[in-house]
Amino acid sequence: MKNISALMTTEVISVREGDGVEEVSKKMLSSGHHSLPVVDDRGRVTGIITERDLIDAHRQVHLPTVISILDSVIPISGMHEYAEELRKVTAVDAQGLATKRHLQLARPEESIDTVADRMFEHRLHALPVVDGEGKLLGMVSRSDILRGLLSQS
């Protein structure tokens, strides 16, 4: 069975933590990719930015629904979503906009099935592939996974 290193794209377009949101937007549009890994000065992946993140960065923030009881304001729902929207709208650079929480990464020696399961479980279109130090080696997409699975048949 093939592992991810045989499928991943090694010529990866990435963004630096300090790149501005507009620069990231232009890079994503010109690349045709749906997500871009964010790397630090040493080439380690620190986050990922998706088209959704960029769209959210340009939308209006939706206030959470609250109720008022005895001079107390109690949020009914949506506080986490509100905090995420606020984080994205106020981001000025890739580091501030990138998804870091629950960041999913692949290792080159992982099997196609393992990575495919992770991608579908977390509804991801692509995963950065990193070495033992977290340095970016490549990206693997759903299309890469499909190609790999079909070649095994």
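Me: What makes the face of H5 with Asp 117, Phe 120 and Glu 121 the one turned away from its buried side?

Reply: That face of H5 carries Asp 117, Phe 120 and Glu 121, which are exposed; exposed means over 50% relative accessible area, buried under 20%, and partly exposed in between (1.4 Å probe, protein chains only). The model is predicted: local features need pLDDT of at least 70 and side-chain atom pairs 80 or more, while totals for chains, interfaces and linings use all residues. Residues are numbered from 1 along each chain as its sequence is written, and side-chain values use heavy atoms, without hydrogens and water.

Me: Which residues of helix H5 are called buried?

Reply: In H5 (residues 112–121), Ile 112, Val 115, Ala 116, Arg 118 and Met 119 are buried.

Me: Why are they said to lie on the same side of H5?

Reply: They cover an arc of only 165° around the axis, which puts them on the same side of H5; the arc is that of the directions from the helix axis to the C-beta atoms.

Me: What do the buried residues of H5 pack against?

Reply: They pack against strand E6 (126–130), strand E7 (136–141) and helix H6 (142–152), where contact means heavy atoms within 4.5 Å. Helices (H or I, at least four residues) and strands (E, at least two) are DSSP runs, numbered from the N terminus.

Me: Why is a set of residues called a nonpolar core?

Reply: The name applies because its members are buried Ala, Val, Leu, Ile, Met, Phe, Trp, Tyr and Cys residues joined through side-chain atoms within 4.5 Å. The largest has 13 residues, and Val 15, Val 24 and Val 38 are among those that touch the most other members. Apart from it lies another core, of twelve residues, including Val 115, Ala 116 and Met 119.
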